[in-house]
Amino acid sequence: MKIETLAIHAANHIDATTSAVIQPIVLATTFERDEDGGYSKGYSYSRAGNPNRLALENVLAKLEGGADAAAFSSGNAAGMTVFQSLKPGTHIIGPDDMYHGLRNQLKALFAGILDFDFIDLNDEAVLLSHIKSNTGLIWIETPSNPLLKITDIKKVVAIGHERGIKVACDNTFASPLGQQPLSLGADLVMHSTTKYLGGHSDLTGGALITPKKDEWWERIQQIQQMGGAIPAPADCYWLTRSIKTLPYRMRGHEHNAGLLALFLENHPNVEQVLYPGLPSHSQHELAKEQMLSFGGMLSFLVKGGVAETERVINATKLFTSATSLGGVESLIERRAAIEGPDTKTPQNLLRVSVGLEHIDDLIEDISAALDKV
């Protein structure tokens, strides 16, 4: 089936009791045993499994072309599960502009347990020089947050696999509609389902998808069930509902982002636009090669300093100044302000989650704000 069909049908089941065409929310925390003490219907306790979570995991796996998926209460919980699945002393290589939430998680919670380096993954010499005998995981984030850097997934996978190293890819910015890391050789895909998969800024979640049910995946599932960082049945239901419109929403996000990027690139008060769909992007050709679409995220640098940049934010009317991304409404944020003192993000960079408003209104709004610089 095509991805539009999968998004609608891979998580939907006709209710056997009522014949309802939409699967109901199952709020039960526990399930009745059979006479012999077993659980022939597959459910025993909600932390171990729930019909709504199973439906969500099924559609997530199919959207990414994977064999199985595990849903979590947040993207950070999904990432933490990957790190917890590694043996103590394992070395991780991550990107030098890795999402600050997971980067800080490694530094604050796994220091002394895991070893890690943050480097430019596209510099082959640098990558090779950082591989150690205990390197067990290379973490890719592409496009990156918020610099929109593109990592060559096939190239990094080839380097990793040649040395027996697993490769995981954070696919949040691209979504399954924009990129299929498993088809490019990745061993694991991560999503913050809070973002494009949820799409409406009203739920929090995360997910991991695997191409095969191997020993590593069994360990990840064990942590999911025993650790208990799972999404509630209602969150699984709403996320499944949101996914049904994901293919069409992503087309709108990309359409608007592409036109907004072109406008910003030609504005006299904009220093630089970072969007992989622009020919001016330094990795545009790589993005064309490995991405199915360029997504709805862009960043741009305002001419001036912090004061001028924040003036733009405060002058917008349709772009809400807020963290997060992927919702139908447009968001704008001076990213360096929340990333801490070791951020690599320029102080005059604005990250934009381009929503589904009419593009003429978005351009008019950002144009008026930039005129105040």
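Among contacts in the protein chain (heavy atoms within 4.5 Å) between residues at least 6 apart in sequence, 69% join residues at least 24 apart. Keep in mind that this is a predicted model, in which local features need pLDDT of at least 70 and side-chain atom pairs count only at pLDDT 80 or more, while totals for chains, interfaces and linings use all residues. Residues are numbered from 1 along each chain as its sequence is written, and side-chain values use heavy atoms, with hydrogens and water left out.

Let us start with the whole chain. The protein chain has 13 helices and 12 strands; these are DSSP runs numbered from the N terminus, with helices (H or I) of at least four residues and strands (E) of at least two. The radius of gyration of the protein chain is 21 Å, which agrees with the value near 21 Å that a compact globule of 373 residues would have. That radius is taken over C-alpha atoms, and the globule rule is 2.2 Å times the number of residues to the power 0.38. Along the principal axes, the C-alpha atoms fill a box of roughly 75 × 55 × 35 Å.

Of the 373 residues, 54% are buried. Here buried means under 20% relative accessible area, exposed means over 50%, and partly exposed lies in between (1.4 Å probe, protein chains only). The protein chain exposes about 15,800 Å², and carbon and sulfur atoms supply 52% of it; accessible areas come from the Shrake-Rupley method with a 1.4 Å probe, and for residues only the protein chains shown count as cover. As for charge, there are 32 positive and 43 negative side chains, and the centres of the two sets lie 2 Å apart. Lys and Arg count as positive and Asp and Glu as negative, while His and the chain ends are not counted. Each charge is placed at NZ of Lys, CZ of Arg, CG of Asp or CD of Glu.

Now step inside, to strand S1 (residues 68-72). In S1, 5 of its 5 residues are buried. In a regular strand the side chains alternate between the two faces of the sheet. Both faces of S1 are covered, with Asp68, Ala70 and Phe72 on one side and Ala69 and Ala71 on the other. S1 runs antiparallel to strand S7 (residues 206-210), joined by 5 bridges, and Ala69 stands opposite Ile209 in S7. Two strands pair if DSSP finds at least two bridges between them.

Helix H4 (residues 100-109) also has a buried part, made up of His100, Gly101, Leu102, Arg103, Gln105 and Leu106. The elements that cover these buried residues include helix H3 (75-84), strand S2 (91-95), strand S3 (115-119), strand S4 (135-141), strand S6 (188-191) and helix H12 (336-339).

Val156 is buried because its relative accessible area is 1%. Not counting residues up to four places away in sequence, Val156 touches Leu121, Leu127, Ile138, Ile140, Thr151 and Val167. The C-alpha atoms of Val156 and Ile3, 153 residues apart along the chain, are separated by 27 Å.

Leu148, in the loop between S4 and H6, has a positive phi near 55° although it is a residue other than glycine. Leu148 counts as buried because its relative accessibility is 1%.

Ser19 is not a glycine either, and has a positive phi of about 65°. Ser19 lies in the loop between helix H1 (3-9) and helix H2 (51-63), and it counts as exposed because its relative accessibility is 53%.

Leaving aside its neighbours within four places in sequence, Thr345 is in contact with Pro146, Leu147, Arg335, Ala336 and Glu339. Thr345 counts as buried because its relative accessibility is 6%.

Finally, S12 belongs to an open sheet of 5 strands with mixed pairing, in the order S8-S9-S12-S11-S10. Its edge strands, each pairing on one side only, are strand S8 (270-274) and strand S10 (320-321). Within the sheet, 4 bridges join the antiparallel strands S11 (residues 331-334) and S12 (residues 349-353), and Leu331 stands opposite Ser353 in S12.
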